[in-house]
Amino acid sequence: MIVLGIETSCDETGLALYDTAPLEGNRPAALGIMGQALHSQITMHHDYGGVVPELASRDHIRRILPLLEQTLGQAKLDLKSIDAVAYTQGPGLAGALLVGSAFAQSLAQSLNKPALGIHHLEGHLLSPLLGDESDKVPHFPFVALLVSGGHTQLMLVSEVGQYQLLGETLDDAVGEAFDKTASLLGFGYPGGAAVSQLAAQGKGGRFNLPRPMLHSGDLDFSFSGLKTAVLNQLKKQVDFESAGAAEAFRADLAFAFVEAAVSVLVSKTTKAMQHTACQDLVLAGGVAANTQLRKAMKSQAQKMGFQVFYPPQELCTDNGVMIAFAGALRLLKQSPLDTLTHVPGAFDVKPRWSLAQQK
Ligand code: KG4
Ligand code: ZN
């Protein structure tokens, strides 16, 4: 079964074709990726300091068809080979989601194949199963720490389709805190990676930023105060630092910010591992690319005896492969394929949508 995946929830247009044959033959899941194409709008939104929804939708419209052709060409397949279309139904920007949804629904109807709406975060949290060696993938049940520009959640994943929310941010997502701190430090959007690189040149001990909700007794997070603490330090600095010292000041402040954010993420994740008694942890979403977080989580995992898994590096940020793959896993659970019906309504998107309802 060949599944086309379409991702358009924010500022990346991603398409991919996934063949389920390796899954059915118990071979590494990564072998099923037949073709993929991605266009990032980052440079288009850069000057605005964030994603401009209307521009995002228009660009998805412009890119989606050429990217489909590119993906089919890479896979050496034609439209008729597609058995099902999986698309990101939510959460995300309404207009951007509508482009992917309308495109997927129309294509599926014209091919007389099923269309399947996928939760964006489900795509992220299942993507570590796409490892290219089957012994290097997480086993159910596992805990997932989803850290992106829009989400910070700890989730218990019992199996495909069974997700229990353990904790989440009560205000800003950690990626958002990285991006806002980046902007305060003079970087463009999105600036998470730039803050991380600046922090690598900084030293600890100069600033002691708050660790929000570290001892709250639950698995929730809060990151908005951390960004305010960075702003307060910057305000103090303005007058008395000379130009040379200002560079070290920025680096040390970035260091303190990353240290505080990472220590809260590691501490709450450790509690989630203890609480669920899971052996495997999945780190997914754009912030999972962060070097400091990876290093700290690895050393904590060694200490506590759990294993950490990541999506393949190129699949950490938004992409079509994770949507095709999540669709494929869901369809395999529901086979045979011809019993599936179309998702009704081409405009059925869910800009706000919880993957798991309860904590
Ligand atoms: O998952 P993603 O591509 O998009 C969604 O938000 O769904 O995540 C993007 C986020 C941005 O906030 C970006 O600044 C952050 O991930 N990010 C990083 C790093 N790379 C990307 N944050 C910290 N360190 C990084 N290396
Ligand atoms: Zn994402």
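Salt bridges first: the count comes to 12, where a salt bridge is a side-chain nitrogen of Lys or Arg within 4 Å of a carboxyl oxygen of Asp or Glu. This is a predicted model, in which local features need pLDDT of at least 70 and side-chain atom pairs count only at pLDDT 80 or more, while totals for chains, interfaces and linings use all residues. Residues are numbered from 1 along each chain as its sequence is written, chains are lettered from A and ligands numbered from 1 in the order in which they are written, and side-chain values use heavy atoms, with hydrogens and water left out.

One of the bridges joins Asp-59 to Arg-62, with the closest N and O atoms 3.0 Å apart. Asp-59 is buried at a relative accessible area of 1%, and Arg-62 is exposed at 52%. Buried here means under 20% relative accessible area, exposed over 50%, and partly exposed in between, with a 1.4 Å probe and protein chains only.

Next, Asp-172 and Lys-180 meet in a salt bridge at 3.3 Å, N to O. Asp-172 is buried at 9%; Lys-180 is partly exposed at 31%.

Now the helix pair. Helix α6, residues 174-184, packs with helix α8, residues 224-237, at an angle of about 10°, their axes 9 Å apart. The two are therefore roughly parallel, the term for angles under 35 degrees. In the contact (heavy atoms within 4.5 Å), Lys-180, Thr-181 and Leu-184 of α6 meet Lys-227, Val-230, Leu-231 and Leu-234 of α8.

Note on methods:
Axes fitted to C-alpha atoms, helices over the stretch in contact; angles between N-to-C directions. Helix = DSSP H or I, 4+ residues; strand = E, 2+ residues; numbered from the N terminus. Parallel < 35°, antiparallel > 145°, perpendicular 65-115°, else oblique.
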